[in-house]
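Here are some friendly notes to read with the structure open beside you. Take the points one at a time, and look up each residue as you go.

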Amino acid sequence: MAPKVFYISDGTAITAEVFGHAVLSQFPIKFEALTIPFVETLQRAEKVKQQINDCFITTGERPLVFHSIVNPDIRNVIYSSEGMDYDFLNTFVAPLEQHLGVEAKPVLHRTHGKANHSYEARIDAINFSMENDDGQTMKHMDEADIILLGVSRCGKTPSSLYLSMQFGIKAANYPFTEDDMDNLKLPEALKRNKSKLFGLTIDPMRLHEIRQSRMENSRYSSLRQCRLEVKEVEMLYKKERIPFVNTTNHSVEEIATKILDITGLERHMF
């Protein structure tokens with residue numbers, strides 16, 4: 001039976017999930033996880049405590065409980081459960097208070113809340129990335145922080161959206177299609193913004209597999225076509241001296257982080 005894990009917060013629970021996943025990924029076993037956000041009242045905290053206790057009674061094993069709870073009264077309810085508690089916020093807050101010589105002043109929803117002064121900037125970045133996805137328009141390329149290039153299905157759209165949602169970066173993307181291959185070159189709007197260009201590439205076999213699931217046994221998904229497109233696009237990157245990364249074995253989070261590392265783009269944390 002897979003070990004049970006609870007991610008609990010009086011906010012979105014994103015922090016508890018991120019920290020918890022990072023820690024548990026070090027262990028070569030599968031976990032059965034339940035995320036419980038917005039535990040903002042003692043009544044709800046008691047219900048969550050009962051869930052944890054019921055899990056212990058059912059399995060005979062104390063479940064892991066990762067939490068990031070600001071309110072001390074609510075936190076104490078979770079502490080009193082039968083779970084194995086891992087309190088991320090307070091693990092780091094007390095030592096930092098001592099080091100900085102400043103008392104922490106916890107505020108609910110401060111990390112991911114709308115009141116954050118960068119909220120509107122992030123929404124603008126997300127809207128920009130959606131409006132400038134897959135070369136829908138070339139009108140706003142001058143406003144982009146970065147422009148991702150690549151063949152169809154190499155990861156441009158998810159990488160663009162992740163950059164905008166996670167870091168507030170205005171990321172546009174432009175696809176090179178089958179029709180471009182006979183005379184592959186940069187459109188004028190891209191030439192004008194060459195310093196913002198960043199290429200994505202992918203192993204042709206993996207591209208073939210992805211396209212097959214979308215348009216099986218078509219010219220678009222054929223291995224020959226995939227090899228041709230990848231080869232031509234990589235040659236263009238090298239000719240134009242456009243930095244690029246191979247997305248084949250990387251998650252969208254890793255792709256985005258590589259892009260930021262190589263380009264030096266500033267992260268806007270929220």
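At what angle do helix H8 and helix H9 pack, and how far apart are their axes? The first point has the answer, after a word on the source. This is a predicted model, in which local features need pLDDT of at least 70 and side-chain atom pairs count only at pLDDT 80 or more, while totals for chains, interfaces and linings use all residues. Residues are numbered from 1 along each chain as its sequence is written, and side-chain values use heavy atoms, with hydrogens and water left out.

1. **Helices H8 and H9.** Two packed helices are described by the angle between their axes and the distance between the axes. Helix H8 (residues 204-214) and helix H9 (residues 223-240) pack at about 125°, and their axes are 8 Å apart. Helices and strands here are DSSP runs numbered from the N terminus (helices: H or I, at least four residues; strands: E, at least two). Axes are lines fitted to C-alpha atoms, for helices over the stretch in contact, and angles run from 0 to 180 degrees between N-to-C directions. H8 and H9 are therefore oblique to each other (under 35 degrees counts as roughly parallel, over 145 as roughly antiparallel, 65 to 115 as roughly perpendicular, and the rest as oblique).

2. **What meets at H8 and H9.** On the H8 side, Pro204, Met205, Leu207, His208 and Arg211 meet Leu223, Gln225, Cys226, Arg227, Glu229 and Val230 of H9; contact means heavy atoms within 4.5 Å. Sorted by class, this contact has six nonpolar, two polar and three charged residues. In this scheme Ala, Val, Leu, Ile, Met, Phe, Trp, Tyr, Cys and Pro count as nonpolar, Asp, Glu, Lys and Arg as charged, and the others, Gly among them, as polar.

3. **Arginine 211.** Leaving aside neighbours within four places in sequence, the contacts of arginine 211 include Val151, Ser152, Arg153, Glu216 and Tyr220.

4. **Two residues with positive phi.** Alanine 13 is not a glycine, yet it has a positive phi of about 75°. You will find alanine 13 in the loop between strand S1 (4-9) and helix H1 (14-24), and it is buried, with a relative accessible area of 2%. Arginine 153, also not a glycine, has a positive phi of about 75°. Arginine 153 lies in the loop between S5 and helix H6 (156-167) and is partly exposed, at 38% relative accessible area.

5. **The four-stranded sheet.** In what order do the four strands of the open sheet stand? The order is S2-S1-S3-S4, with parallel pairing; two strands pair if DSSP finds at least two bridges between them. Strand S2 (32-36) and strand S4 (84-87) are at the edges with a single partner strand each, so one side of each has no neighbour in the sheet. On average, neighbouring strands of this sheet are turned by 20° against each other, direction ignored.

6. **S3, S4 and helix H4.** Four bridges join strand S3 (residues 64-68) to S4 in the parallel sense. Phenylalanine 66 stands opposite tyrosine 86 in S4. Helix H4 (residues 88-100) packs on the sheet and touches S3 and S4, with its direction at about 50° to that of S4.

7. **Strands S5 and S6.** S5 and S6 run parallel and are joined by six bridges, and glycine 150 stands opposite proline 175 in S6. Why is strand S6 (residues 171-176) largely enclosed by the rest of the structure? Six of its six residues are buried, so the rest of the structure largely encloses S6. Ala171, Asn173 and Pro175 are buried on one side, and Ala172, Tyr174 and Phe176 on the other.

8. **Aspartate 133.** This residue is in the loop between helix H5 (119-131) and strand S5 (146-151). Aspartate 133 counts as buried, at 18% relative accessibility. Aspartate 133 and tyrosine 174 are 41 residues apart in sequence, but 7.1 Å apart in space, C-alpha to C-alpha. Not counting residues up to four places away in sequence, aspartate 133 touches Thr157 and Asn173.

Methods
Buried means under 20% relative accessible area, exposed over 50%, partly exposed in between (1.4 Å probe, protein chains only).
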